[in-house]
Amino acid sequence: MPTIVVEVMPKAELLDPQGKAVAGALGRLGQTQPALANVAGVRVGKRFEISIDGDADTATLAAVRELADTVLSNSVIEDVVGIHVQDEPSTAVA
Amino acid sequence: MRIGVVTFPGSLDDRDAARAIRLAGADAVALWHGDHDLHGVDALVLPGGFSYGDYLRAGAIASLSPIMTEVIDAANKGMPVLGICNGFQMLTEAHLLDGGLIRNEQGRFICRDQGLRIENNSSDWTNGFEANAEIVIPLKNGEGSFIASAETLKALEGEGRIVARYLGNPNGSLNDIAGVSNTRGNVVGLMPHPEHAVEAGFGPDTAEAMASGVDGLTFFTSVITRALVGV
């Protein structure tokens with residue numbers, strides 16, 4: 001089933017308290033795991049997977065682009081950073 | 001005067017808002033998010049809470065509710081609309097107010113009595129306050145940090161649309177902004193909760209007596225007075 005993936009991130013210039021909290025935790029882990037010691041920052045965003053019956057044709061993609069800008073993101077606080085089509089909903093990385 | 005309070009799935013403070021309206025001297029009319037009907041009310045309150053569990057973004061899904069078509073239409077025609085907390089978030093998501101609300105800078109839910117300065121006492125909801133009145137009402141949210149682009153902030157400041165500013169910034173809000181209005185002054189959004197400071201015994205502490213603060217009542221009497229005598 002074709003799946004349209006929309007990725008949304010908080011605007012780069014805004015404070016991202018969620019990312020900051022995760023970065024803080026990674027920083028603490030970095031004290032015992034040297035491989036993590038050079039993590040410089042974390043930002044947390046959102047990924048939407050929209051499954052489509054039939055084809056993800058141009059019209060559908062245009063409608064989803066519109067949806068991404070108006071509903072899935074709020075342009076005051078977020079940016080849509082990626083929209084792409086994949087064949088199936090995502091599964092775990094092997 | 002009849003003031004509607006819209007209940008959304010996950011609204012928490014709709015009953016308190018209705019009670020505040022009655023204490024201020026108007027009739028409270030319960031409205032439902034799924035209807036396309038404002039039942040002829042003269043003003044509207046979008047109450048606080050966690051509509052749709054704050055999924056997607058706080059207030060985002062509620063701002064797409066059926067009744068919001070009528071709310072947006074009425075607001076654009078000049079009906080007084082007050083959005084409190086989650087209601088404020090809905091008004092920004094519905095583009096009735098500028099700016100947005102993001103997670104508090106310290107990443108924590110904040111619940112406390114909060115000092116505010118009323119900077120605009122000409123809006124439909126604040127005309128009963130003295131100029132630069134300092135008040136205390138409860139603040140309780142996790143995503144109350146007001147943000148806007150530099151350009152929008154400049155417009156808000158320049159046009160006197162900052163309705164209330166925090167006395168001591170609790171959450172990282174730009175320019176200490178606690179509430180804003182639209183250009184016309186009929187739509188106001190406020191992160192703190194006036195409806196929780198309307199009745200002695202249940203409000204914030206004051207120098208005189210415990211829990212006696214009723215500073216929030218003036219928001220509701222303001223809109224009633226303006227409707228009755230057109231001040």
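Start inside chain B, at Ile21(B). Leaving aside residues up to four places away in sequence, Ile21(B) touches Ile3(B), Ala26(B), Ala28(B) and Phe220(B). Touching here means contact: the C-beta atoms of two residues, placed from the backbone, lie within 7 Å. This is a predicted model, in which local features need pLDDT of at least 70 and side-chain atom pairs count only at pLDDT 80 or more, while totals for chains, interfaces and linings use all residues. Residues are numbered from 1 along each chain as its sequence is written, and chains are lettered from A and ligands numbered from 1 in the order in which they are written.

Ile21(B) belongs to the largest nonpolar core, which has 71 residues. Ile3(B), Ile21(B), Leu44(B), Val45(B), Leu91(B) and Leu190(B) have the most contacts inside that core. A nonpolar core is a set of buried Ala, Val, Leu, Ile, Met, Phe, Trp, Tyr and Cys residues joined through C-beta atoms within 7 Å. Buried means that 20 or more other C-beta atoms lie within 10 Å of the residue's own; exposed means 12 or fewer, and partly exposed is in between, with C-beta atoms placed from the backbone. Another core lies apart, with 5 residues, among them Ile4(A), Val8(A), Val64(A) and Leu72(A).

Now look at the sheet of chain B. It is open, has 9 strands and mixed pairing, and its order is β2-β1-β3-β4-β11-β10-β9-β6-β7. Strands (E, at least two residues) and helices (H or I, at least four) are DSSP runs, numbered from the N terminus. Two strands pair if DSSP finds at least two bridges between them. The edge strands are β2 (27-32) and β7 (134-141) of chain B, and each pairs on one side only. Strands of a sheet pair through backbone hydrogen bonds, either parallel or antiparallel.

Follow β11(B) for examples of both kinds. β4(B) and β11(B) run parallel, joined by 4 bridges. Here Gly83(B) stands opposite Gly189(B). β10(B) and β11(B) pair in the antiparallel sense over 3 bridges. On this side Gly189(B) is the bridge partner of Val180(B). β10(B) and β11(B) also form a hairpin, with 5 residues between them. Gly185(B) sits in the turn with a positive phi of about 85 degrees. Both faces of β11(B) are covered: Val187(B) and Gly189(B) are buried on one side, Val188(B) and Leu190(B) on the other.

The loop between β9 and β10 of chain B holds Asn175(B). Asn175(B) counts as partly exposed because it has 13 C-beta neighbours inside 10 Å. Its phi is near 55 degrees, a positive value in a residue other than glycine. Most residues other than glycine have a negative phi. Tyr52(B) also has a positive phi, near 50 degrees. Tyr52(B) lies in the loop between β3 and α2 (66-76) of chain B. Tyr52(B) has 20 C-beta neighbours inside 10 Å, so it counts as buried.

Helix α1 (residues 14-24) of chain B lies across β1 (2-7), β2, β3 (43-46) and β4 (81-84) of chain B, at about 175 degrees to β1(B). Such angles run from 0 to 180 degrees between N-to-C directions; axes are lines fitted to C-alpha atoms, for helices over the stretch in contact. α5(B) has buried residues including Leu217(B), Phe219(B), Phe220(B) and Val223(B). What covers the buried residues of α5(B) includes α1, β3 and β4 of chain B.

Chain A has its own open sheet. Its 3 strands pair antiparallel in the order β2-β1-β3. β2 (46-51) and β3 (78-86) of chain A each have a single partner strand, so one side of each is left without a neighbour in the sheet. β1 (residues 3-10) of chain A pairs with β3(A) over 8 bridges. In that pairing, Gly82(A) is the bridge partner of Glu7(A). Helix α2 (residues 58-72) of chain A packs on the sheet and touches β1, β2 and β3 of chain A.

Finally, the two chains meet. Their contact takes 13 residues from chain B and 8 residues from chain A.
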